[in-house]
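I opened this entry to look up the domains, the strand arrangement and the aromatic pairs. My notes follow the structure.

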Amino acid sequence: MKLNLNIQPLSSWMKVSSEPLIISGPCSAETEEQLLATAHLVKNTGKVSVLRAGIWKPRTRPGEFEGIGSIGLQWLKRAKEETGLPTAVEVATAKHVEEALAAGVDILWIGARSTVNPFTVQEIADALQGVDVPVMVKNPINPDLALWIGALERINRAGITKLAAIHRGFSSFEKSAYRNEPMWDLAIHLKTLAPELPILNDPSHICGTRDLIPYISQQALDLDMQGLMIESHIDPSVAWTDAKQQVTPAALAEIVNNLTIRKADSSNPEFTDKLQGLRDSIDRIDDQILQKLGERMALVEKIGEYKRDNDVTILQVNRWEEILEKRTALASALKLEKDFTEKVLELIHGESIRKQTEIMNAKTELN
């Protein structure tokens, strides 16, 4: 089911100085000198279309630097006047919205800690009633697509039609190389539900370290995201917040220069014909996979009935371990990734358990 969002195309409200769209600037506005110096340097790269800076910073624990506050808006206003770059800031309350708009901020974004709370999003939406300003909504901290969609809908219903999403990754209990797991499937799902919605990527918050930013940036563009928000600081080593994930303006320019820009489609007839042929082959194989899954589930139902009639439990751990061992070995020989294979098998096993449970419960109800 598609989302019913009333939005304008990105090209109608965002002037891109060069491809791809890059929003950059310091994680936090720390001093007027730091912000202005960084602003001029990112402008001079010729790669940045929008200057960003954190004015209010939601911190995990009290006593940490929570942003310079409203005075930073005046610094940002001066940076805009001197560089000509439109500006963007994060807002988390109605008061933030009012102050940012009064200072002439061009674009607002809602952070992950705010998106997770519908009350906060609604407060921001109410403050935006009757205002014509672009708003970008970051995904919530936890991997909940419904929360992300709900925040976008609330802002859209407030009359904001210049709307975009920002994919900044999700918290996870699993340790990995990333600060926030990309979980690309959630961003892709949002894209399929709202094809007209621009989605940008925030590699800085996904990576948590500058070394990984080029890799994630390229992956985001390869997945047809419309741009990148990358944090840049004149001297990241002394940054007051998120020092490890910020890059110098010179490093930012190098990252962007090394990106490969790919198109969503091609006008080459030979390419189109060959691609369609390959897709037709995939469609035939998908049909065969679904047919075989249907046959498998029919056998599962028979097994469920047999277990029911003989008072045997649904779950048999030894059998499940045997399936995992044999199928992952075969998958490895077929050059399929172990994680992928295990996920597929777990989905199939879960559906098998569900079907057998239905059969068992049917007996209980009859009794």
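This is a predicted model: local features need pLDDT of at least 70, side-chain atom pairs count only at pLDDT 80 or more; totals for chains, interfaces and linings use all residues.

Entry 1, domains. I looked up the domain assignment of the protein, which gives domain 1 as 10-258 and domain 2 as 269-362. Taking the centres over C-alpha atoms, I find domain 1 and domain 2 separated by 41 Å.

Entry 2, strands. I followed the strand pairing and found that eight strands close into a barrel, in the order β1-β2-β3-β4-β5-β6-β7-β8, with parallel pairing. From one strand to the next, the twist averages 30 degrees. Looking at one pairing in detail, I see β2 joined to β3 (residues 87-90) by two bridges, the two strands running parallel, and I note that L51 has T87 in β3 as its bridge partner. I then turned to helix α9 (residues 213-222), which lies across β7 (199-201) and β8 and runs at about 160 degrees to β8.

How many aromatic pairs does the ring rule give? With ring centres required to lie within 6.5 Å, the count comes to two aromatic pairs. One of them is formed by F65 and W240, edge-to-face, at 5.1 Å centre to centre and with 90 degrees between the planes. This pair links distant parts of the chain, since F65 sits in the loop between β2 (50-52) and α2 (71-83) and W240 in the loop between β8 (227-231) and α10 (249-257), 175 residues apart. I checked accessibility for both partners: F65 counts as partly exposed at 22%, and W240 also counts as partly exposed, at 46%.

W148 and F170 form an aromatic pair as well, again edge-to-face, with 6.3 Å centre to centre and 70 degrees between the planes. Because W148 lies in helix α6 (residues 145-157) and F170 in the loop between β6 (163-167) and α7 (184-193), the pair ties together parts that are 22 residues apart in sequence.

Is W148 buried or exposed? Its relative accessible area is 0%, so W148 is buried. F170, at 1% relative accessibility, counts as buried too.

Terms used
Residues are numbered from 1 along each chain as its sequence is written. Side-chain values use heavy atoms; hydrogens and water are left out. Rings of Phe, Tyr and Trp (its six-membered ring) pair if their centres lie within 6.5 Å; planes under 30 degrees apart count as stacked, over 60 as edge-to-face and the rest as tilted. Helices (H or I, at least four residues) and strands (E, at least two) are DSSP runs, numbered from the N terminus. Buried means under 20% relative accessible area, exposed over 50%, partly exposed in between (1.4 Å probe, protein chains only). Domain bounds come from an automatic or database domain assignment. Two strands pair if DSSP finds at least two bridges between them. Axes are lines fitted to C-alpha atoms, for helices over the stretch in contact, and angles run from 0 to 180 degrees between N-to-C directions. Contact means heavy atoms within 4.5 Å.
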